[in-house]
Amino acid sequence: MKYQIVIIQNRNSLIFELLNKKFLIFHGPEVDLSFVTCVSLCSCLCSSAGFLQRLVRVFFGCLAAVACGMLYAVYLSTYHDRKFWFSTRQELEREITFQGGSGFYYYYYTHMLTAPSFERGLYELMVDNRTVSGQTINAVERLSLYPELITSFIYRVTNSQDLVEPIYFYIGAVFGLQAVYVTALFVCSWVMSGTWVAGMLAVAWYVINRPDTTKVDHAIPLRDNWALPYFSCQVAALTGFLSNNISSATEMFCYLTMSAATFTFLLIWEHSHYVLFIQGLCLFLLDSFDLMPPRKVTLTISVLFNTSLFLAYLFQFQNTDLLTSPSYLITAVNSVFCVQQKMKMGPLVARVMKLFLHFHLVFTTGITFSYLVKKLLPVSESDFILKFLEVKFGLNTTTDFVPNFLLCQESLQSPSQDVFLRLTQASVLPFYFLVLSVCLLSTVQTIYLRLSGHPKKTNHVLEDGRIGEQPEVVYHVFHTLFFGGLALLFDGMKYLWTPYVCMFTAFGVCSPDLWLTVFKWLKLKSIHPVVLSLILSTAVPTIICFSLWREYCPHVIAELTDLQEFYDPDTVELLSWIKSQAPVAAVFAGSPQLLGTVKLCSGAAVTSLPLYSDVNLLKRTEDSYQVYAMRSAEDVYKLLTAQKTNYVIIEESICNELTVNKGCRIKDLLDISNGHVVYDKGEIYSFSKHGRFCHEIKLNYSPYTNYFTRVFWNRSYHVYKVNSVISFQY
């Protein structure tokens, strides 16, 4: 019996290409059935070999990803112990190492462990009158304490009391999440480039640029360190979900991972909805330019984001901030989703006009929706944020303490040149601009083709040379542009931008698609573009890895071997006095950073906390800071007693602060707010009929001694008791 053979094999496999050329290309000749059977058997064997090859590659890639994450966690643990001599410290000295006032989060973890039961501890946090003086708050909602709740619950149910100390379990959980963070970056770069060498390069750049990628070195309990690993997992899952060449099972796995990570991210960090707004904007642009299937837009924006926001709203005790956040854009996209289908049809000029109309409709609907919700629901921070942004962008000026105080915070100022110098020295920034330029130009080219009516191509192959047609690549182009723009305005945003700069750059230099896109533009003919792109995508990352290893490996090893000195005897003395001498029910006033440490080490109630997203706490901070202003003893006494203060802590570092940026000293901000400044020939001078309180009170004369009694002092701190009965002695 005779058969005519027409067989198409996988063009990406070299083995199949050879089989095609040698055996399977027939145009008309007829062959015996035995020969057909032989060729089919060879094809099956080659298919099995290809599957085995992919399986081995995936196995070793996953092994490398997990190994990178575990090594990074070990590195962080070792470096942390060397930096703070953590294993040799007493418990009080260990707690002080949580810098920046972040330690008060750890206090609630220890509170949950010392409570008679988990349920009792949770109830005490939900009805907490021992944190902010004179107020009963839901600490779980107001301070986003879900990480502490979950960690303490795991510590209890696993009976880890006999295995590890609570503080080591806590920091171990954070370092473990950092391992998940770098593993997700590894996977994201691997998925986009097709080689796990890109993942290793991304992790290497992340570790080398650690001062600009993470704050875990000095402030372990911060919400960022708990939340950003989940965001990294969500971005990695979203990258896989946007890919065209994935199976339905893989797509479902990515979607479920993305859903869980999005909900957890919203639950942990109070600023997470702003990050999701930027991400929703990226997906909105992808859909508007017809760069991703409408089905995936519906699943991500219409279903996933809104469901996660609603669940987080419920778990955050009906937190109205989630419903009035900039995520209104996501809802606006849903409200005009029916318009998008007709928008993607017609000639170029008509589609561009429809696109502008669509943008106008989306943002108008979104702003209107946000305005109506804010009118219906009680929102306290919207005006405060708006005023801050007006001052930040030079649209307005104000003498109010709170906006000016926030503008002077390092994380809300523009980044210094040192950030970009460090990234350039580590070779990230030059390659980043190269990769971004190629991907952005290819994206613009793809958008033009879509608007011109060219059909969308779902199956991309290397020979196409159009990296901008891959939805996951276009998403990361928008992602890095938006977060990069924010990082140029706010220094704190670099922790959201720099890790993805490392990942995106590693993907680019290791991707044959990117190199082939460049060669297609150059119309290279002297050597085959595919061969050259494969060579460069291997050679360039190899050279980069070798140079990084030679230059930075000795530095990393030195960090792990050197013992650094960290000791603050004055703070230890102050906290020891508070724990031993101050009454249990005492209330302390002072700077937010110091009060966070006081709350951690003593559990005493405080007047404020270092939580700069809460406008009420910021106003209480302003009242506590009046001890550094030119105010009378009576005025300061009234402000402190209004907050039920028993003791006020005056810090020498604030009272005698000397900085280059004179306008950002606490006493300068207070003088401007209180109207105690005089402008003369461009210079600012402070003037008031009262001396500066923190100086005058140390002179120990009336009327200051009538209202305050000094009970403790050392080189750095002076503690005064706020007299409950005023004694008028002259």
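The model is predicted, so local features need a pLDDT of at least 70 and side-chain atom pairs count only at pLDDT 80 or more, whereas totals for chains, interfaces and linings use all residues. Residues are numbered from 1 along each chain as its sequence is written, and side-chain values use heavy atoms, with hydrogens and water left out.

## Overall make-up

The protein contains 34 helices and nine strands. Both kinds of element are DSSP runs numbered from the N terminus: helices are H or I runs of at least four residues, and strands are E runs of at least two. Of the 730 residues, 52% are buried. Here, buried means under 20% relative accessible area, exposed means over 50%, and partly exposed lies in between, with a 1.4 Å probe and protein chains only.

A contact means heavy atoms within 4.5 Å. Among contacts between residues at least 6 apart in sequence, 72% join residues at least 24 apart. The protein exposes about 33,700 Å², and carbon and sulfur atoms supply 64% of this area. Accessible areas come from the Shrake-Rupley method with a 1.4 Å probe; for residues, only the protein chains shown count as cover.

Two strands are said to pair if DSSP finds at least two bridges between them.

Strand 9 (residues 717–722) has five of its six residues buried, so the rest of the structure largely encloses this strand. Strand 9 runs antiparallel to strand 5 (residues 647–651), to which five bridges join it. In this pairing, Ile 649 stands opposite Val 719 of strand 9.

Strand 8 (residues 708–713) is also antiparallel to strand 9, and five bridges join the two. Thr 709 stands opposite Lys 721 in strand 9, while Phe 708 has Val 722 of strand 9 as its bridge partner. A hairpin connects strand 8 to strand 9 through three residues. In a regular strand, side chains alternate between the two faces of the sheet.

Helix 32 (residues 666–674) includes the buried residues Ile 666, Lys 667, Asp 668, Leu 669, Leu 670 and Asp 671. Gly 675 follows helix 32 and has a positive phi, near 75°.

Trp 85 is placed in the loop between helix 2 (33–84) and helix 3 (91–96). Asn 700 lies in the loop between helix 33 and helix 34. Pro 703 is likewise found in the loop between helix 33 (693–696) and helix 34 (704–707). The peptide bond from Ser 702 to Pro 703 is cis, with omega near 10°.
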